[in-house]
Amino acid sequence: MQREIKICNECNSEYYSDTSEMLHLCSECSSILYGYKKCNHDFENGRCKNCFWNGSKSDYIINIEGQNKTTFEPITKEELSTLILKGVSQMSLSEKELWEVISINPEKWKEDEYGYDIEGFWVVAIYQEYSIWYNDIEEGFNISEYNGVDKVLNYASEQDELQWTLGKLIKLI
């Protein structure tokens with residue numbers, strides 16, 4: 001089956017109609033203008049293989065993006081290690097024992113909704129079907145489902161300290 005191609009009213013790029021939640025905008029423009037889910041672009045030969053967008057942007061979009069730029073800096077691995085040590089120091093003995101079993105050397109994992117632009121989030125522990133990760137944007141630890149793929153599956157915006165997140169995990173299991 002051949003996919004329907006439309007032309008975006010904002011950036012004038014062609015796009016696959018089934019990749020946008022809006023009738024006359026590509027997924028890129030609908031994301032920037034209205035907050036709809038952004039395509040996880042994978043470019044080949046000047047076009048995204050997923051949505052067919054060509055990377056073009058209108059002057060209006062460029063202006064909006066310029067106004068929305070922040071001074072956000074993702075947390076460094078060293079800063080994260082300091083937060084982890086602080087959290088571990090405030091855990092009970094049984095929590096520390098569990099932490100020793102489930103903690104991993106922090107790894108950056110992709111997350112499609114908000115982590116795309118910041119190259120993912122730091123995952124610090126895995127237990128059964130759950131991962132514990134640090135949200136740089138909200139500055140807190142969170143729990144996500146884990147299915148064997150190195151990817152944060154459920155975005156969350158808790159601003160929890162590590163020991164609180166571990167406590168939530170214990171309640172889940």
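# Notebook: cores, helices and selected residues

**Entry 1. L162.** I began with L162, whose place is in helix α5. I note at the outset that the model I am reading is predicted. Is L162 buried or exposed? I found a relative accessibility of 1%, so L162 counts as buried. I then listed what L162 touches, leaving out residues up to four places away in sequence: I84, G87, V88, M91, W99, V124, I132 and F141.

**Entry 2. The nonpolar cores.** I next asked which residues have the most contacts inside the largest nonpolar core. They are W99, V124, I132 and L162, in a core of 18 residues. I recorded which elements each supply at least two residues of this core: the helices α3 (77-89), α4 (93-102) and α5 (162-172), and the strands β6 (121-127) and β7 (130-135). Apart from this core I found another, of 13 residues, which includes Y15, C26, C39 and W53.

**Entry 3. Helix α5 and its cover.** I returned to α5 and noted its buried residues, which are L162, Q163, T165, L166, G167 and L169. What covers the buried residues of α5? I found that the cover includes the helices α3 and α4 together with the strands β6, β7 and β8 (140-145).

**Entry 4. The packing of α4 and α5.** I looked up how these two helices lie against each other. Two packed helices are described by the angle between their axes and the distance between the axes. For α4 and α5 the angle is about 85°, and the axes are 11 Å apart. That angle makes α4 roughly perpendicular to α5. From α4, the residues E95, L98, W99 and I102 take part, and they meet L162, Q163, L166, G167, L169 and I170 of α5. I noted how the residues of this contact divide: seven are nonpolar, two are polar and one is charged.

**Entry 5. N142.** I turned to N142, which is found in strand β8. N142 has a relative accessible area of 2% and is therefore buried. Which residues does N142 touch, not counting those up to four places away in sequence? I listed S131, I132, W133, N135, A156, S157, E158 and T165. I then looked up what its side chain reaches. The backbone oxygen of G140 is reached by the side chain of N142 at 3.1 Å. A polar atom of the N142 side chain also lies 2.8 Å from the backbone nitrogen of E158.

**Entry 6. The loop between β1 and β2.** In the loop between β1 (5-7) and β2 (14-16) I looked up N12. N12 is exposed, with a relative accessible area of 58%. Its phi is near 65°, a positive value in a residue other than glycine. I noted this value because most residues other than glycine have a negative phi.

S13 is found in this loop between β1 and β2. Is S13 buried or exposed? S13 is buried, with a relative accessible area of 0%. The side chain of S13 reaches the backbone nitrogen of N54 at 3.0 Å. Leaving aside neighbours within four places in sequence, I listed the contacts of S13 as K6, I7, C8, R47, F52, W53, N54 and S56.

**Entry 7. N45.** I looked for N45 and located it in the loop between β3 (43-44) and β4 (47-48). Phi of N45 is near 55°, again a positive value in a residue other than glycine. With 75% relative accessibility, N45 counts as exposed.

**Entry 8. Helix α1.** Last, I asked how many of the eight residues of helix α1 (residues 27-34) are buried. Six of the eight are, so α1 is largely enclosed by the rest of the structure. I recorded the buried residues of α1 as S27, E28, C29, S30, S31 and I32. Just after α1 I found G35, which takes a positive phi of about 80°.

Notes:
Residues are numbered from 1 along each chain as its sequence is written. This is a predicted model: local features need pLDDT of at least 70, side-chain atom pairs count only at pLDDT 80 or more; totals for chains, interfaces and linings use all residues. Side-chain values use heavy atoms; hydrogens and water are left out. A nonpolar core is a set of buried Ala, Val, Leu, Ile, Met, Phe, Trp, Tyr and Cys residues joined through side-chain atoms within 4.5 Å. Buried means under 20% relative accessible area, exposed over 50%, partly exposed in between (1.4 Å probe, protein chains only). Helices (H or I, at least four residues) and strands (E, at least two) are DSSP runs, numbered from the N terminus. Contact means heavy atoms within 4.5 Å. Axes are lines fitted to C-alpha atoms, for helices over the stretch in contact, and angles run from 0 to 180 degrees between N-to-C directions. Angles under 35 degrees count as roughly parallel, over 145 as roughly antiparallel, 65 to 115 as roughly perpendicular and the rest as oblique. Ala, Val, Leu, Ile, Met, Phe, Trp, Tyr, Cys and Pro count as nonpolar, Asp, Glu, Lys and Arg as charged, and the others, Gly among them, as polar. A polar contact is a pair of N or O atoms within 3.5 Å; within protein, one must be able to donate a hydrogen and the other to accept it, and residues adjacent in sequence count only if both atoms are side-chain atoms.
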